[in-house]
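Keep the picture open while you read.

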Amino acid sequence: MEIPSKYNPVEVEDKWYKYWLEKNYFHSEPDDRDPYTIVIPPPNVTGVLHMGHMLNNTIQDILVRRARMLGKNACWVPGTDHASIATEAKVVNKLKSEGIDKNDLSRDEFLKHAWEWTDKHGGIILEQLKKLGASCDWERTCFTMDEKRSESVIKVFVDLYEKGLIYRGVRMVNWDPQAKTAVSDEEVIHKEEQSKLYYVRYQIEGEEDYVTIATTRPETILGDTAVCVNPNDERFQHLKGKRVLVPLVKRSVPVIMDDYVDMEFGTGCLKITPAHDINDYEIGMRHNLETIDTFNDDGTLSEKAQLLVGVDRFEARKQIIPMLDEAGNLVKVENYTNKVGYSERTDVVIEPKLSAQWFLAMEKLAKPALEAVESDDVEFHPKKFKNLYRHWMGNVKDWCISRQLWWGHQIPVYYLADGSFVVAESADKALAKAQEKTGNQNLTMADLTQDEDVLDTWASSWLWPISVFDGINDPENEDIKYYYPTDDLVTAPEIIFFWVARMIIAGYEYRQDKPFKNVYFTGIVRDKLRRKMSKSLGNSPDPLDLIKQYGADGVRVGMLLCSPAGNDLLFDEALTEQGRNFTAKIWNSFRLVKGWEVSDSIEQPEHSKLALEWFEQKLSEQLTMINDHFDKFRISDALMTIYTTIRDEFSSWLLEVVKPAYQQPIDRTTYEGVLDALDKVLRVLHPFMPFISEEIWQLLRERKDGESIMISQWPEVGEVNAETLAGFEAVQEAIAGIRNVRKNNNLAMKESLELKIYPGDKGYNKQFDAVIKKMGNLSAIELVAEEVKGAASFRVFSSSFFIDLGELIDVEEELKKLEEELKYTEGFLNSVMKKLSNERFVNNAPDAVVAKEKAKQADAEAKLKVLKEQIANLK
RNA sequence: GGGCGGUUAGCUCAGUUGGUUCAGAGCACUUGGUUUACACCCAAGGGGUCGGGGGUUCGACUCCCUCACCGCCCA
């Protein structure tokens, strides 16, 4: 069999992904094994694969692949979400570029375009995930607007309405004047900005006197319906019961008193615009103020403003200043830093606006969801996110679920001519309800008008863990009963409220159970300079290019190497390079093994037998650590452990020990032993690097059609003998010692040496002598009864090792080395003795700790003795 | 303004219930190396008063207080 000297990831990865698909290994059906389920955080249909997806899906794939190898029935459900605002914006823009105005289209016509767009672009990201190696059950792919998911959303709306949890209300909402829709609090991003604070004076009605207010938004003056001061403010007592005139429009409004006003801020006097500021709105409610909505939906000034009608709000701000100045109302302008809310989707400034919207009452629903996380029934990794969650859930506000858009699930509310309405899952049912409600059997569909608005996208994705198994429509079906609750959710902390919290809420409301057992929060992918990766900055590499360049395995490793759990990760292409280098390392180890000629006629050398025995235990020890890392969701630590195991323990130690001499064959027993070891190592590696592990595993031994490492078993932890491991560590130190002696004396590896060992007080274990002999290229190992004079030396524990070099040894140099060791050991012993002579330590510390200190004392004393003898010998 | 998290080697981070001279890993760096798998490599090595101060303790990177700085969330 020809094994290429260079590993070619592109070819190999395509080949095996195709093979896995052909064999249908990703697909899951309920059976009598334990399920292991992950639902993908659905990427939205406007998206293309970015580094965040790479990280997120790499982690999911690792978890799923390992679970599969642990014998679980693993099911990873993929899908996408429809992203109401983002998609609608894209479609509107696309139409615009074709000269079509959305306003000229009917709802149905627009939706046709939107579906076309979705069909064309919606699946791109899932196709890209395949390049990464994602082992999703593609047969189960879902979309938040496909038939079953849509039905679920509508059904839930009706149900929540009937439970009295959904209500319609006129509230202050976050209005996006570009998308012309309300958005939720979570979709508003506050940015600090340099702006101006304008001081404007209002004339007191019937007097020549003025009162001065400060505002950052002078254009809203036109909607003012009061001026407010703090009732405790001495300065303004004379204003009580008076009225002032709003500048320019000369409207007479009352002066009111409210504790809300901060006496220290500005002039201590506040203008009140209930229609355009959330706080003003609340004050307005308390004082029964009139509300004057001076803005149109697109952010221009409305007729009600009287002035500047049709002018955009920012332009209006510019224009109103000279107007105020001219009218003698402008007092001064100061620079001011404040926070301004921007729409997450369109990046325009959010306008607080009164509007009629649908809300979901959250308080009652949130309770079980909060408790679930408090009690770790749903466990967050890392734990610190519990605090954040508690804080949000404890102060949860009602959720504005309506959006003034077309793309999405149209709200199943049907209005009658008199403004009353019915809520039903379909138009037919609505009609029946309406007939019943009105007692008028002659009502027809034409008498009903469905609400124009759609539901917030999160109102469909919060059902995701249930709806992908159709558990809303058909709560007793086999899939939902088998796969729910799912096991792990992997997502970004930025959507902890948008999505995670709401899924937990929906889980308890509709399944009386959590949606998942663990939530693993990944970091945010940033560049080396800690900037968030974004298209506009152009600082994000194209993941598919990276895969082409370094291989999917290399990229997966690169992602993980920089992703400590829960911290942001600073992505650097150099890490991907490290990942690729690692694939080369593994490939070369494999080539070495496969390149050996195997002989049945030679005996297994002692050193090979010992090394294989040691490695088996070493691997078990490492595997225990890896399993533990997995249990704690320390995925990058798990990777680092297998990384060093392969590079150091397997390649640098095991292979170097068993490696036959040049052009010599290897004995059959050792060869098979090495293949077994590599087989195990590959299986542990597989979740991290699925492709190269499969390629090598397939070449390692003859495999039948239908065999694959991805459906093989995760290795069992075998017995570990601490003495063997400690013994081998001593061997490694001894070999390092020999290498040092060679290096310091310019002795080539080819020259074989004689090693003499003086066991010292604690004795010497010769179990691994054969290994030392091979690795050190020694002609003999001899135990001696006393120190060897004039030889190069080093110590491992309390034994001394000597290599006689004739006259070559530099006594001064050797003495210096020994003195240093002596000094260190004395210092060490000192610190131990200090503790042991402290009565309070001996009395208070646990016995085990004291015993340990005593053992340290004995070891140090033995070593000191050896060192002193040796120094005496040299002198 | 309120809350949360962080500060450990040049960089990114571990450090599990206080207990080995315990200060660690990876990368980067330095030195040496054409040993017949691999320079996408091997071997060896340097580097940190664990943010400052105080306290508890026989013993503190670890617990408490305080200050400084950074980040995030909410208002």
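The largest cavity holds about 80 Å³ of space. Bear in mind that this is a predicted model.

**The largest cavity**
- Helix H6 (residues 147–162) gives the most to this lining, with four residues.
- Among the residues around the space are Val153, Val156, Phe157 and Leu160, and you'll also find Trp399 and Trp462 there.
- Sort the lining of the largest cavity by class and you get eleven nonpolar residues, no polar ones and no charged ones.

**The second largest cavity**
- Helix H26 (residues 847–874) supplies the largest share of the lining, three residues.
- The residues lining the second largest cavity include Glu787, Lys789, Glu814, Gln870, Asn873 and Leu874.

**Helix H21, tucked away**
- How many of the eleven residues of H21 are buried? Ten of them are, so to speak, under cover: the helix, residues 690–700, is mostly covered.
- The buried residues of H21 include Pro690, Phe691, Glu694, Glu695, Trp697 and Leu700.
- What does the covering? Helices H1 (9–22), H2 (51–69) and H5 (124–132) are among the elements that cover the buried residues of H21, and so are H16 (543–561), H17 (573–595) and H20 (668–685).

Technical notes: Residues are numbered from 1 along each chain as its sequence is written. Chains are lettered from A and ligands numbered from 1 in the order in which they are written. This is a predicted model: local features need pLDDT of at least 70, side-chain atom pairs count only at pLDDT 80 or more; totals for chains, interfaces and linings use all residues. Side-chain values use heavy atoms; hydrogens and water are left out. Buried means under 20% relative accessible area, exposed over 50%, partly exposed in between (1.4 Å probe, protein chains only). Helices (H or I, at least four residues) and strands (E, at least two) are DSSP runs, numbered from the N terminus. Contact means heavy atoms within 4.5 Å. On a 1 Å grid over the protein atoms alone, a cavity is a set of points where a 1.4 Å probe fits but cannot get out, and a pocket is an open set with protein on both sides within 12 Å along at least five of seven lines; lining residues have an atom within 4 Å of a point. Grid points are joined across faces, edges and corners, and a volume is the space filled by probe spheres set on the points. Ala, Val, Leu, Ile, Met, Phe, Trp, Tyr, Cys and Pro count as nonpolar, Asp, Glu, Lys and Arg as charged, and the others, Gly among them, as polar.
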